Amino acid sequence: MGAKVSIDFSGLDEVRKKLFDASADVQTERLLAYAPLLLKTAYESRGFKNQTMNLKDSYLWAVYYRGELKGSGFLTPMAEATKRAEYAGEKVDGRELANTFLSRYVSDVSGWEVVLLAAAPYGRTLEEGGDSWESKRQRFEVLTYAFDMVRKDFSGANRSYRMLYNV
């Protein structure tokens, strides 16, 4: 006396996809909460003083998933600079530079990507020091602290990290 049992697994692929999509949505929401806090921490740990507030206005975060922008924001809701900064003979509007970056940036990451940006061009000079020997000794934290925090927060995970300048 035997019985034949057959099980239909045809719907499992759809169930697996729904479970993954739900967990991806949760992870995306976590990163959307994490990114602005990380940007705020980076700014609060800076080693420079604001003169025109343009660098502060240029701080931007963005979260991408599979190349699609899921959310973005600035350090402050409104621009604080009352005049443009001058750098290398050019007038700099930090908020405008950040918006330009965001409109042109294309994520090439197949999973999640968190972008932290200080778009004002002198941010890099503050991080690396200037061209002279004396100014190379004086370096200021702009985003490096946040980059180090990301590596620490996600250590042990199979992740790649990159810091972009002049994008």
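Buried means under 20% relative accessible area, exposed means over 50%, and partly exposed lies in between. The exercises below apply these cut-offs to a predicted model.

**Exercise 1.** Decide whether Glu68 is buried, partly exposed or exposed, and name the residue that its side chain meets in a salt bridge.

*Solution.* Begin with the relative accessible area of Glu68, which is 47%. Next, turn to its partner: the side chain of Glu68 meets that of Lys70 in a salt bridge, with 3.4 Å from N to O. Lys70, at 36% relative accessibility, is also partly exposed.

**Exercise 2.** Work out which parts of the chain are tied together by the salt bridge between Lys56 and Glu80.

*Solution.* First, note that the side chains of Lys56 and Glu80 meet at 3.1 Å, N to O. Lys56 lies in helix 2 (residues 54–57), whereas Glu80 lies in the loop between strand 2 (68–74) and strand 3 (85–87), so the pair ties together parts that are 24 residues apart in sequence. Finally, consider the accessibility of each residue: Lys56 is buried at 13%, while Glu80 is partly exposed at 32%.

**Exercise 3.** Find where the salt-bridge partners Lys40 and Glu44 lie, and state how far apart they are in the helix.

*Solution.* Both residues belong to helix 1, where they are four residues apart, or about one turn of the helix. The closest N and O atoms of Lys40 and Glu44 are 3.7 Å apart. With relative accessible areas in hand, Lys40 is partly exposed at 45%, and Glu44 is exposed at 52%.

Definitions and conventions. Residues numbered from 1 in each chain as written. Predicted model: local features only at pLDDT ≥ 70, side-chain atom pairs only at ≥ 80, totals over all residues. Heavy atoms only, no water. Salt bridge = Lys/Arg side-chain N within 4 Å of Asp/Glu carboxyl O. Helix = DSSP H or I, 4+ residues; strand = E, 2+ residues; numbered from the N terminus. Buried < 20%, exposed > 50% of the residue type's maximum accessible area, 1.4 Å probe, protein only.
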